[in-house]
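Good morning, and thank you for making time for this presentation.

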Amino acid sequence: MRLLKDAFEYNGWATRQLGEVCRTATPAQLTNKEEWQYQPILELWRHINEVERAYLRLTGGGEVPAPVSSLEAYLSSSEAVNRELVAHADRLDDEGLERMFNVPWFERDFTVGDGLFQVLTHSIEHRADIAHFLSRLGHETPPIDYVMWIYLKDGGRMP
């Protein structure tokens with residue numbers, strides 16, 4: 001399914017864009033929790049990676065081992081997971097998207113299509129949190145919209 005495959009390619013790109021900004025943050029900015037943050041930035045990267053790995057496994061797309069606790073490890077693991085998710089999405093047909101799988105923490109079944117869509121929206125939600133936190137900490141964050149990915153992929157240049 002092209003759109004789902006494209007969405008995971010975008011997901012990897014957006015993570016890389018925001019990851020580059022995080023590489024310029026101080027260790028304290030990544031691990032401390034300000035009063036206006038609900039989670040430290042590094043904890044959000046861990047959570048994003050954990051959820052992406054879990055849904056990859058649960059939907060039958062493969063398995064990527066858990067990384068050690070560091071920004072570089074989370075970003076590297078996210079790259080590996082995203083490559084697997086792109087390939088998984090590319091292999092799925094309509095029947096595969098409608099196959100049911102169980103999400104144990106919700107104690108119910110979902111379609112593979114809904115589970116993969118959850119991965120995308122969940123990652124977008126928490127990347128937005130990270131971008132907001134980085135901005136509050138004085139970092140400039142790049143545009144990470146889906147249409148910006150398409151624009152750049154088609155030869156446009158970052159504004």
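A salt bridge here is a side-chain nitrogen of Lys or Arg within 4 Å of a carboxyl oxygen of Asp or Glu. What we have is a predicted model, in which local features need pLDDT of at least 70 and side-chain atom pairs count only at pLDDT 80 or more, while totals for chains, interfaces and linings use all residues. Residues are numbered from 1 along each chain as its sequence is written, and side-chain values use heavy atoms, with hydrogens and water left out.

The structure holds seven salt bridges. In one of them, Arg 23 pairs with Glu 72, and the closest N and O atoms are 2.7 Å apart. This pair links distant parts of the chain, since Arg 23 sits in the loop between H1 and helix H2 (27–31) and Glu 72 in helix H4, 49 residues apart. Helices are DSSP runs of H or I with at least four residues, numbered from the N terminus. Arg 23 is partly exposed, with a relative accessible area of 38%, and Glu 72 is partly exposed as well, at 42%. For these classes, buried means under 20% relative accessible area, exposed over 50%, and partly exposed in between, with a 1.4 Å probe and protein chains only.

A further salt bridge joins Arg 16 to Glu 79, with 2.8 Å between the closest N and O atoms. Here too the pair links distant parts of the chain: Arg 16 lies in helix H1 and Glu 79 in helix H4 (residues 71–91), 63 residues apart.

Arg 46 and Glu 43 are separated by about one helical turn, because they are three residues apart in helix H3 (residues 41–58). Salt bridges with shared partners also join Glu 20, Arg 23 and Glu 72 into one network.

I turn to the interior. A nonpolar core is a set of buried Ala, Val, Leu, Ile, Met, Phe, Trp, Tyr and Cys residues joined through side-chain atoms within 4.5 Å. The largest such core has 23 residues, and those with the most contacts inside it are Cys 22, Ile 41, Trp 45, Ile 130 and Leu 134. H1, H3, H4, H6 and H7 each supply at least two residues of this core, and H1 gives the most, with six. Apart from this core lies another, of 21 residues, including Leu 56 and Phe 101.

Where is Thr 141 placed? Thr 141 is in the loop between H6 and helix H7 (146–153). Its C-alpha atom is separated by 6.9 Å from that of Leu 18, 123 residues apart along the chain. Beyond its neighbours within four places in sequence, Thr 141 is in contact (heavy atoms within 4.5 Å) with Leu 18, Val 21, Ala 131, Leu 134 and Ser 135.

Lastly, the pocket. Twelve residues line the largest pocket, and Leu 3, Leu 4, Ala 7, Phe 117 and Leu 120 lie nearest its centre. A pocket is an open set of points on a 1 Å grid over the protein atoms alone, where a 1.4 Å probe fits, with protein on both sides within 12 Å along at least five of seven lines; lining residues have an atom within 4 Å of a point. H6 provides the largest share of the lining, five residues.
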